[in-house]
Each structure stands twice: as structure tokens, then as C-alpha cells.
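Here are my notes for your first look at this model. Please keep the structure open and find each residue as you read.

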Amino acid sequence: MESTIQFEGVKTGLKQSKDGYLLTMAVHPDELPSDLMRDFVGSRYVVVMVRLNDQEQPMSREGEFPGDHAVKMAGILCRDPNFWDWLNEKEWLLEKNERACTEWVTSYLDIESRKELKTNEEARDLFNRLKASFDAWNQS
């Protein structure tokens with residue numbers, strides 16, 4: 001017995017109710033599975049959705065939210081021994097370890113936590129310049 005159904009839909013609305021969010025989708029009649037139509041109102045589902053690009057291919061969310069990417073990159077850099085070496089060479093970092101690097105980065109960016117890169121554009125711009133300088137040094 002097949003337990004999954006698949007169809008394409010287009011998001012047409014999103015609103016909030018006392019029970020949660022209500023996602024409205026338009027589904028072409030030829031795409032709507034008959035099993036879904038026969039299920040009772042109130043039936044529960046596990047939903048997996050993949051956004052498609054203009055070429056009908058799964059779309060990457062990477063780069064869609066630059067703050068998320070900066071948080072991720074800051075975490076990666078703070079664990080990178082090459083980054084520690086670069087900071088140490090500039091005499092910005094004395095101890096070569098993740099904890100010391102994280103403390104230096106947050107102090108340099110004037111933030112409490114790397115998570116602030118998600119919303120703090122000024123700190124994110126400064127971080128991107130720092131990363132670009134490191135990348136240039138690392139390429140040489």
C-alpha cells in the first residue's frame with residue numbers, strides 16, 4: 001500500500017489562527033490526488049515541500065537569507081585553524097582555539113553573539129570584509 005501522495009501547488013496565502021498558521025495553496029485539478037480529496041477534513045499529514053525555481057528544479061535557500069549564511073560562516077571560521085593563524089599573524093588573537101577566536105570575533109564586531117549577524121547589517125558587513133581579507137590571505 002502506497003502511503004505517500006505527491007502534487008504541485010502554488011502558495012497563495014498565509015494567515016494566523018488560534019490553532020496556528022493556515023497555509024493556502026492553489027492546486028491544478030489535474031494535479032490534485034483523489035486520495036487527498038477523499039480524506040476527512042481534520043486528517044493529519046506530515047508535509048515535505050521543496051520550492052522550485054523557474055527551471056522546475058529544487059531551489060537552494062543558500063544565499064536567500066544573508067544573515068543565516070553569515071552566522072554559519074562565522075561558526076565555521078571560528079573553528080578554522082587557518083583563521084586562527086591569520087588572526088595570530090596580525091597579532092589580533094593570542095590563543096589559537098575556538099573559544100578565544102569566538103570571543104575575539106564578537107568583540108571585533110561589537111556583538112554579544114554570532115547569532116546577531118542574522119539581523120545586524122552593520123556587523124554583518126564588517127564580518128564580510130573581515131572574511132574577504134582572510135580569504136585573500138588564505139589564497140596567497
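The numbered points below go through helices, rings and loops.

1. Ground rules. This is a predicted model, in which local features need pLDDT of at least 70, side-chain atom pairs count only at pLDDT 80 or more, and totals for chains, interfaces and linings use all residues. Residues are numbered from 1 along each chain as its sequence is written, and side-chain values use heavy atoms, with hydrogens and water left out.

2. Helix 3 (residues 81-89) packs against helix 5 (residues 121-139) at an angle of about 100°, and their axes are 11 Å apart. Helices here are DSSP runs of H or I with at least four residues, numbered from the N terminus. Axes are lines fitted to C-alpha atoms over the stretch in contact, and angles run from 0 to 180 degrees between N-to-C directions. Helix 3 is therefore roughly perpendicular to helix 5, a label for angles of 65 to 115 degrees.

3. Who makes that contact? Helix 3 supplies N82, F83, D85, W86 and E89, while helix 5 supplies L130, S133, F134, W137 and N138. Contact means heavy atoms within 4.5 Å. By class, there are 5 nonpolar, 3 polar and 2 charged residues. Nonpolar covers Ala, Val, Leu, Ile, Met, Phe, Trp, Tyr, Cys and Pro; charged covers Asp, Glu, Lys and Arg; the others, Gly among them, are polar.

4. Aromatic rings. Rings of Phe, Tyr and Trp (its six-membered ring) pair if their centres lie within 6.5 Å; planes under 30 degrees apart are stacked, over 60 edge-to-face, and the rest tilted. The count comes to 8 aromatic pairs. W104 and Y108 form a stacked one, with 4.7 Å centre to centre and 15° between the planes. One aromatic cluster is formed by F83, W86, W92, W104, Y108, F134 and W137. Find F83, W86, F134 and W137 again in the contact of helix 3 with helix 5.

5. Why are W104 and Y108 about one helical turn apart? They are 4 residues apart in helix 4 (residues 98-109), so about one helical turn separates them. W104 is buried, at 15% relative accessibility, whereas Y108 is partly exposed at 33%. Buried means under 20% relative accessible area, exposed over 50%, and partly exposed in between (1.4 Å probe, protein chains only).

6. A charge over a ring. The charged end of K90 sits over the ring of W92, 5.0 Å from its centre. The rule asks for NZ of Lys or CZ of Arg within 6 Å of the ring centre and within 35 degrees of the ring normal.

7. A buried alanine. A74 lies in helix 2 (residues 66-78). Its relative accessibility is 0%, so A74 counts as buried. Leaving aside neighbours within four places in sequence, A74 is in contact with R114, L117 and F127. A74 and E98 are 24 residues apart in sequence, and their C-alpha atoms are 11 Å apart in space.

8. Two loop residues to check. E91 is not a glycine, yet has a positive phi of about 65°. E91 is exposed, at 69% relative accessibility. In the loop between helix 4 and helix 5, look for D110. Phi of D110 is near 60°, again positive in a residue other than glycine. D110 is exposed, with a relative accessible area of 68%.

Technical notes:
Angles under 35 degrees count as roughly parallel, over 145 as roughly antiparallel, 65 to 115 as roughly perpendicular and the rest as oblique.
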